[in-house]
Amino acid sequence: MGHKWASGFLPFDNLKLAAHLLIFSVLLCSNLSQSLDLDPEDKASILLFRSRVQDPSQSLSSWVGSNCANWTGITCQNQTGRVVSINLTNMNLSGQIHPTLCKLPFLEDLVLSQNNFTCPIPVCFGTLSRLRTLHLGHNRFQGMLPDTLMRLGQLKELVLNGNNDLGGLIPWWVGNFSAQLEKLDMGFNSFHGEIPESLLFLKSLTYLDLGNNYLSGTLSDFHQSLVFLNLGSNQFSGTLPCFSTCGQSLTVLNLANNSVVGGLPTCIASLQALQHLNLSFNHLTYEMSPRLVFSEKLLLLDLSNNDLSGPLPSKVAETTDKSGLVLLDLSHNRFSGEIPLKITELKSLQALFLSHNLLVGEIPARIGNLTYLQVIDLSHNSLSGSIPLNIVGCFQLLALILNNNNLSGEIQPELDALDSLKILDISNNKISGEIPLTLAGCKSLEIVDFSSNNLSGTLSDAITKWSNLRYLSLAHNEFGGNLPSWLFTFEVIRMMDFSGNKFSGFIPDGNFNMSINFNNGEFDRMQREPFAAMQNADTKVLIVVIGSNELSFSYILSSMVGIDFSNNVLDGEVPVGLFGLHGLEYMNLSHNFLHGGVPDLEKMWSLKALDLSHNYLSGHIPGNISSLGDLTHLDLSYNSFSGFVTKKQGYKKFPGAFAGNPGLCLESSDGGCDPASLPVVPGKAFEGEEEVEGRISVWVFCVSAFLSFYFGGLALFCSPRARKYILHTKA
């Protein structure tokens with residue numbers, strides 16, 4: 001007798017048939033959904049809206065026919081075809097918004113962000129009673145917020161940020177028109193006045209961004225469980241509240257760039273969920289209490305540009321093996337004493353800024369334990385001793401900025417282990433010795449400033465390995481010997497400053513066509529500014545903290561394109577090729593022993609400043625100086641130039657530029673020769689040159705970026721949103 005096994009599985013052929021039927025059903029349903037027709041009334045309203053909009057990118061070209069699925073940015077209700085969502089983000093649309101857009105009674109989400117709409121916010125938006133999301137950010141909407149929006153009782157998100165001409169007072173009703181409002185973003189606009197009291201008590205609110213406006217008044221506490229609060233870059237005053245109602249929820253608090261006074265209350269450390277705290281650019285004073293210790297969840301702490309004093313806190317935040325501070329910025333305060341060893345226990349730290357304080361003592365040797373560090377800025381203090389050898393433990397270091405201290409000793413050969421280093425600034429210290437050959441291993445270097453030290457020796461061939469070099473200053477040291485033949489081989493160099501040394505011999509007549517910047521008069525030009533401003537260069541270092549353990553580093557260098565070999569003992573003739581560099585803006589060869597003539601300068605289209613004074617140059621003055629429209633500073637004084645200088649050469653624009661050249665004769669008012677018209681003392685073309693403190697001084701402005709807890713995505717909360725560390729360079 002045979003046995004039959006009962007089973008829940010179909011025989012293979014039947015299973016295959018069932019599968020085909022299931023797929024056919026799914027496809028049929030899908031096709032039915034995809035072929036859903038737009039409601040005729042809604043279609044007519046949307047087409048009228050499109051008729052008033054400029055669409056140069058043809059983003060709305062798919063708005064033909066009646067199939068809702070084919071209309072870009074439009075979502076319809078499954079059964080009725082009524083429009084429930086419009087999302088036209090970043091489609092390069094501009095013009096006016098036709099009021100027929102308000103004749104969509106079932107619309108729940110309206111997103112027009114990142115376009116160029118130039119009109120007031122339509123009053124009729126208040127009739128869209130089912131609206132839950134209204135995003136109008138990053139356009140050019142004008143005027144005030146219409147009161148009709150108070151009718152949107154179902155609204156959960158109102159985003160108006162990035163409309164510079166949108167302003168006025170924040171309406172009184174904004175805190176009580178919708179009991180469901182969770183997100184309000186009015187940042188980067190022109191609102192003024194005080195925060196309506198109703199907004200402080202709106203229980204549903206979790207995300208509030210009012211940053212970068214003109215709001216004022218006393219800083220008030222909030223009485224709801226906020227997750228995100230940005231009031232940065234306004235005019236708020238008063239002392240810092242405790243935000244106790246947000247104790248378990250607040251992850252981001254930005255009050256930077258206001259007028260907050262008083263000390264840091266210890267209750268601020270009770271914000272257990274806090275990940276980003278930015279209180280920079282205020283008027284905070286007093287010492288930091290040793291009881292002010294933040295939780296291990298804090299990733300970013302920025303207290304820079306205040307008036308905090310006393311010793312650096314020995315413990316800033318709790319730390320674990322898996323979490324802890326990623327960025328710590330206490331720069332531009334009045335902290336004194338030594339750098340506490342406890343800072344070297346912040347194992348997650350990736351950026352440390354302690355510059356512009358009153359710190360003394362040595363750099364802790366244990367700093368090398370911070371193996372995740374990418375940026376160290378200890379500049380503008382009174383630190384002494386040598387650069388600790390253990391710093392090579394920070395093997396991921398991208399920027400090491402130690403200028404304007406009292407550091408001594410030599411540059412350690414072992415620093416070549418920092419092979420990712422892009423910025424190295426040890427200027428204005430007392431460092432001696434030679435540049436080690438091993439520094440050839442630092443192949444990533446792009447900005448190097450060794451100026452104003454006691455360094456000596458000849459130029460090391462190690463420098464040739466820095467193939468990405470953009471800025472190099474060895475000024476005001478004791479370097480000597482001949483300038484090497486490879487000097488002009490760096491392709492992206494912008495500034496080369498060897499002034500104030502003992503270099504001798506000839507300026508090498510090399511291949512001046514190697515540098516892109518020296519030769520391209522249209523490349524990354526700076527705007528025409530007074531010379532005092534042109535001497536400065538900004539390097540904007542962008543640091544973005546993403547999530548809990550990642551920091552992104554980049555920088556933008558904008559400096560004059562120039563060469564400075566002044567105050568050396570160079571002799572010989574100036575290579576003709578130097579006077580053919582289209583992109584050169586600044587050239588200073590003064591105070592040497594150069595001789596020979598100066599050719600025409602007609603190829604130096606970008607030249608803004610030229611100093612050849614105090615040499616033995618001879619021959620005629622270049623005849624085309626007046627054709628250099630950008631030239632604002634010229635000094636050819638105290639040479640052996642001769643001949644007749646006509647008014648057409650524009651010498652009156654440069655008082656003192658030809659003094660000390662007895663063989664020169666200036667054209668007088670009657671067209672004759674008037675040697676008496678030459679000034680006896682030349683004007684100082686490069687004022688402030690003696691007072692230059694260092695080639696790169698670092699000023700931390702405010703860089704921060706963060707992952708919004710509410711959206712789970714990246715958000716930037718400072719002014720500007722990405723935190724910018726600006727390195728100020730005296731070129």
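Student: What makes Cys68 and Cys76 a disulfide?

Tutor: The distance. In this predicted model, the two sulfur atoms lie 2.0 Å apart. The cut-off is 2.5 Å. The value of 2.0 Å is within it, so Cys68 and Cys76 count as a disulfide.

Student: Why is the link of Cys68 and Cys76 called right-handed?

Tutor: The label goes with the angle about the S-S bond, which is 95° here.

Student: How do you know that Cys68 counts as buried?

Tutor: Its relative accessibility is 5%. Buried means under 20%, so Cys68 qualifies. Cys76 has 11%, so Cys76 is buried by that cut-off too.

Student: How many disulfides does a search of the whole structure find?

Tutor: It finds 3. One joins Cys102 to Cys124, with S to S at 1.9 Å. That value is within 2.5 Å, so the pair passes. With 50° about the S-S bond, the link of Cys102 and Cys124 is right-handed.

Student: Why do you say that the pair Cys102 and Cys124 ties together parts of the chain?

Tutor: Look at where each cysteine sits. Cys102 is in the loop between β4 (94–95) and β5 (109–111). Cys124 is in the loop between β6 (116–117) and β7 (133–135). The two parts are 22 residues apart in sequence, so the bond ties them together. Both cysteines are buried.

Student: What makes Cys242 and Cys267 a disulfide?

Tutor: Their sulfur atoms are 1.9 Å apart. Again that is within 2.5 Å, so the pair counts. The angle about the S-S bond is -80°, and the link of Cys242 and Cys267 is left-handed. The pair links distant parts of the chain, 25 residues apart. Cys242 lies in the loop between β16 (235–238) and β17 (252–254). Cys267 lies in the loop between β18 (259–262) and β19 (276–278).

Student: Why is Cys242 called partly exposed?

Tutor: Its relative accessibility is 29%. Buried means under 20% and exposed means over 50%, so 29% falls in between. Cys267, at 21%, is partly exposed as well.

Student: Which label do Cys119 and Cys442 get, buried or exposed?

Tutor: Cys119 has a relative accessible area of 4%, so Cys119 is buried. Cys442 has 2%, so Cys442 is buried too.

Student: How do you know that the span of helix α2 agrees with its number of residues?

Tutor: Helix α2 covers residues 40–51, which is 12 residues. At 1.5 Å a residue they should span 16 Å. The end C-alpha atoms are 17 Å apart, which agrees.

Student: Why do you say that the buried residues of α2 line one face?

Tutor: The buried residues are Asp42, Ser45, Ile46 and Phe49. Seen down the axis of α2, they fall within an arc of 95°, so they line one face of the helix. An α-helix has 3.6 residues a turn, so residues three or four places apart point the same way. The face turned away from the buried side of α2 carries the exposed residues Pro40 and Ser51.

Student: What do the buried residues of α2 pack against?

Tutor: They pack against β1 (53–54), β2 (74–76), β3 (83–87) and β6.

Student: What makes Asp39 a cap of α2?

Tutor: A side-chain oxygen of Asp39 lies 3.0 Å from the backbone nitrogen of Glu41. The polar cut-off is 3.5 Å, so this pair passes. Asp39 caps the N-terminal end of α2.

Student: How do you know that Asn115 is buried?

Tutor: Its relative accessible area is 3%. That is under 20%, so Asn115 counts as buried. Asn115 sits in the loop between β5 and β6. Its side chain reaches the backbone oxygen of Leu88 at 2.9 Å. Leaving aside neighbours within four places in sequence, the contacts of Asn115 include Asn90, Met91 and His138.

Student: Which residues have the most contacts inside the largest nonpolar core?

Tutor: Phe125, Phe450 and Phe565, in a core of 178 residues. Elements that give two or more residues to this core are α2, β2, β3, β46 (640–645) and β47 (663–666). Beyond four places in sequence, Phe450 is in contact with residues including Ile411, Leu424 and Trp466. A second, separate core has 23 residues, Leu299 and Phe553 among them.

Student: How many helices and strands are in the chain?

Tutor: There are 4 helices and 51 strands. Of the 731 residues, 55% are buried.

How values were computed: Residues are numbered from 1 along each chain as its sequence is written. This is a predicted model: local features need pLDDT of at least 70, side-chain atom pairs count only at pLDDT 80 or more; totals for chains, interfaces and linings use all residues. Side-chain values use heavy atoms; hydrogens and water are left out. Buried means under 20% relative accessible area, exposed over 50%, partly exposed in between (1.4 Å probe, protein chains only). The expected span of a helix is 1.5 Å times one less than its number of residues. The arc is that of the directions from the helix axis to the C-beta atoms. Contact means heavy atoms within 4.5 Å. A polar contact is a pair of N or O atoms within 3.5 Å; within protein, one must be able to donate a hydrogen and the other to accept it, and residues adjacent in sequence count only if both atoms are side-chain atoms. A nonpolar core is a set of buried Ala, Val, Leu, Ile, Met, Phe, Trp, Tyr and Cys residues joined through side-chain atoms within 4.5 Å.
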